[in-house]
Amino acid sequence: LGQSIWSGVDDTFYLKDDQTVGYGTWGPIDGWRRPKPEWWGMKKAYSPIRLIPGWSLVPAADGTITVGLENRYNFSSLQETKIAWRVGGETGIAIAPIPPGGRGTLTLQLKEKHNPLRDRLELDFHDPRGFVADQFCLPLANLDVEAPSQEAGKLAKGEAAKLSETPE
């Protein structure tokens, strides 16, 4: 119950003599039906699509990018979901045949070489019912980052810290 959304839309009405009635401003959508900042976090938290961490987004030598996905739909395959993707000037539609509750990969074939410092992989997952279920904007870089070790960043006793700068 702690994660329940008790009010979808703000419900406050202002009456004469400065009186207000209604349930209050609890919802993620305001009284004018505009999403509040909390709406975006709620949309991501309840998303039926998750990225599986640990995949490298550096394009392979043949130009492919592979992304690990988890399908949290109960009854829909991700094959029913339209996946629109963009990298730099390239765009396309992809299919990921991942069954309900399953895990799998989405593989994209890029035609051009892309700059990992500038270009991003943008994914839009369109639900079969017509709305955008989730969106991701990912750098073309290695996401398989290891946790720092306990010894990382420690200096030897008596050693002074040094700072160096490079032009990049």
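This is a short chat about the predicted model above.

Reader: What is this model, and which pLDDT does it need for local features?

Author: It is a predicted model; local features need pLDDT of at least 70, side-chain atom pairs count only at pLDDT 80 or more, and totals for chains, interfaces and linings use all residues. Residues are numbered from 1 along each chain as its sequence is written, and side-chain values use heavy atoms, with hydrogens and water left out.

Reader: Which residues touch the most other members of the largest nonpolar core?

Author: Ile49, Leu69, Trp85, Leu106, Leu121 and Leu123, out of 23 residues. A nonpolar core is a set of buried Ala, Val, Leu, Ile, Met, Phe, Trp, Tyr and Cys residues joined through side-chain atoms within 4.5 Å. Buried means under 20% relative accessible area, exposed over 50%, partly exposed in between (1.4 Å probe, protein chains only).

Reader: Which strands each supply at least two residues of this core?

Author: β4 (64–71), β5 (82–87), β7 (103–109), β8 (120–126) and β9 (132–139). Strands are DSSP runs (E, at least two residues), numbered from the N terminus.

Reader: Switching to sheets. What is the strand order in the open sheet of 3 strands?

Author: β3-β4-β7, with antiparallel pairing. β3 (49–51) and β7 are the edge strands. Two strands pair if DSSP finds at least two bridges between them; β4 and β7 have 7. Leucine 69 stands opposite glycine 104 in β7.

Reader: How many aromatic pairs are in the whole structure?

Author: The search finds 2. Tryptophan 39 and tryptophan 40 are edge-to-face, 4.5 Å centre to centre, with 90° between the planes. Phenylalanine 125 and phenylalanine 136 have centres 5.9 Å apart and planes at 90°, so that pair is edge-to-face too. Rings of Phe, Tyr and Trp (its six-membered ring) pair if their centres lie within 6.5 Å; planes under 30 degrees apart count as stacked, over 60 as edge-to-face and the rest as tilted.

Reader: Is phenylalanine 125 buried or exposed?

Author: Buried, at 0% relative accessible area. Phenylalanine 136 is buried as well, at 14%.

Reader: And the loop between β1 and β2. Which residue there has a positive phi of about 65°?

Author: Aspartate 17, although it is not a glycine. Aspartate 17 is exposed, at 67% relative accessible area. Aspartate 18 is in that loop, with phi near 55°. Aspartate 18 is exposed, at 80%.

Notes:
Helix = DSSP H or I, 4+ residues; strand = E, 2+ residues; numbered from the N terminus.
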